[in-house]
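Group the points by topic and give the cut-offs for the terms used.

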Amino acid sequence: MKSSTRNRVFRGVFLTALGLLVCFVVLFLGSAFLYSGPERMFELLSESSARDSIVLSLWTSSAATLAALVFAIPAAYALTRWNLPGKTVIDVLLDLPIVLPPLVAGFSLLLLYAVLERAFSGNLGGTPLDLRFRVPGIVLAQFTIAAPLAVRVLRAAFSEVPERMELMSRSLGQGEAGTFARVSLPMSRNGLVAGTILVWARSIAEFGPILIFCGAVRGKTDVLPIAIFLSFSNGELEKGVALSALLILLGATALVTIRRFRGERARLV
Amino acid sequence: MSVLEWQQVSLDLGEFALRDVSLRVGSGDWISIVGPTGSGKTLLLEVAAGFLRPDSGNVVLRGTNATHSPPEARSLAYVPQDDLLFPHLNVEDNLRFGMRGSRARQAEACNRMANELGIAHLLHRRVDAISGGEAQRVALGRGLLFGADILLLDECTSALDEETRAETGLFLQRWKRDHELTIVQVTHDRSEAHRLGDLVVSLRDGRIETVLRSERPPLVEELPPLIVSNQKGTPDGSSILADQTSR
């Protein structure tokens, strides 16, 4: 067989695999949009219960993302730049919630509260600290996964800032805090924005920890994934499909935005 | 009086190293450091600037042991070979990065420096939209505007054409005279080293090989540890620098 023919066969096999995979993804995601048609879908999403779920999802995931950033920005920077004792152990600990089955993460949160309950001699229930089966608990459940994920993606963003740039800033009189504010943060801005969007997208799609920690209560804890679960459980197939399509759309928008910022970052650094 | 001193400094980074280097720079000196690629020239400056910490030995700044001082505590202006301009800032903001004082004074000094270095037309450009030579001039301007009394220059004119390089050399001489600077300059260009420096220190394999007074035979052949103190220009006055900076 000629070399050019071998190359054609090689490329053909690989491109076929790629094409089949893309077709599969398009079909299984696209079916949500084809199932009931755009008009019916819009009608279902306009129902007050769906609107409430959307609003609840938007604010809880945004709050969880914000809380995650408050901790993850300093944590990620410290892990990226400083030689900390036990860094490997810290790394593993922070990565653990990301790789755990989500249900286990939710169950672990409940266990944490069981331990706290003992520490409070059974008086935790009813206090503002008790977030179980309450809306603030949704934020905590989302935060449980969002914060470690944020640390991971922000570490990647900070590590793309050359350390020599920071040293240059310091040799021009800026201390570590000034250098962080004037060089490290702005230079990793696009990575930070892309990371934030990724964390938000992950938070809004969180299901397992919320189900375990806050339950699936219609009109109370039914963020979008819980609302989808309830819809399918109650035989409201069309509504579940419409909400699924909305989540797919949000995910796609997030990914497109992330790609745009990643491109910008490549140009900047 | 010595303002900068390397005391038996050793640092091994594998490909690059410094081996037991001792060098003393007097106030107002212009020391040129030459040597082949990989001889440790840049390491010498980066150890002084606080970018690298020596494995052993000390860096003494203005009479104080600064070996473990962070870069921001050293008050040295370092102009590195790779410019290290901040890509998220435009040329003007890069120039003003290390400056203190009112914004109006900063702007005035910045404009004057930009005019002197021929980069006034670039002030509002992004730094990734200027040439290598222009970037070097911006980095030099930023270092000078920082206002330190000690200036470390690492191949800071290597991307400039001959004419601009000569102009920049003259400008640096004037600036040094007017601001009473001490300069340690790394260069590949031996003629430039002799033209600008009071003393030319030659490095090889991380060691000081020779020290030459400008355009003169070697003072010492083998020099670890070497002490270079406040010696200015050439005795016969042939050095441009000596003519312009003798005090």
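Does E117(A) count as buried or exposed? At 19% relative accessibility, E117(A) counts as buried, where buried means under 20% relative accessible area, exposed over 50% and partly exposed in between (1.4 Å probe, protein chains only). The model is predicted, so local features need pLDDT of at least 70 and side-chain atom pairs count only at pLDDT 80 or more, while totals for chains, interfaces and linings use all residues. Residues are numbered from 1 along each chain as its sequence is written, chains are lettered from A and ligands numbered from 1 in the order in which they are written, and side-chain values use heavy atoms, with hydrogens and water left out.

**Chain A as a whole**

- Chain A has 12 helices and zero strands; helices (H or I, at least four residues) and strands (E, at least two) are DSSP runs, numbered from the N terminus.
- Two domains are assigned in chain A, domain 1 (1-34) and domain 2 (40-268), with bounds that come from an automatic or database domain assignment.
- The centres of domain 1 of chain A and domain 2 of chain A, taken over C-alpha atoms, are separated by 34 Å.
- The C-alpha trace of chain A spans about 75 × 65 × 35 Å along its principal axes.
- Of the 269 residues in chain A, 41% are buried.
- Among contacts in chain A with a separation of 6 or more, 70% come from residues 24 or more positions apart; contact means heavy atoms within 4.5 Å.

**E117(A) and its surroundings**

- E117(A) sits in helix α5 (residues 102-119) of chain A.
- Apart from neighbours within four places in sequence, E117(A) is in contact with G122(A), N123(A), L124(A), G125(A) and R132(A).

**Interface of chain B and chain A**

- The contact involves 22 residues from chain B and 18 residues from chain A.
- About 2,000 Å² is buried between the two chains, and carbon and sulfur atoms give 63% of this area; buried area is the accessible area (1.4 Å probe) that two parts lose on being put together, summed over both.
- On the chain B side, E72(B), H88(B) and F97(B) lose the most area to chain A, together 32% of what that side buries.
- The rule finds three salt bridges across the interface, a salt bridge being a side-chain nitrogen of Lys or Arg within 4 Å of a carboxyl oxygen of Asp or Glu.
- The side chains of R164(A) and E46(B) form a salt bridge, at 2.8 Å from N to O.
- In chain B, β6 (76-79) and α4 (132-146) each supply at least two residues of the side that touches chain A.

**Positive phi in chain B**

- R62(B) is not a glycine, yet has a positive phi of about 50 degrees.
- R62(B) is found in the loop between β4 (56-61) and β5 (64-65) of chain B, and is partly exposed, with a relative accessible area of 29%.
- D83(B), also not a glycine, has a positive phi of about 65 degrees.
- The loop between β6 and α2 (91-95) of chain B holds D83(B), which is buried at a relative accessible area of 15%.
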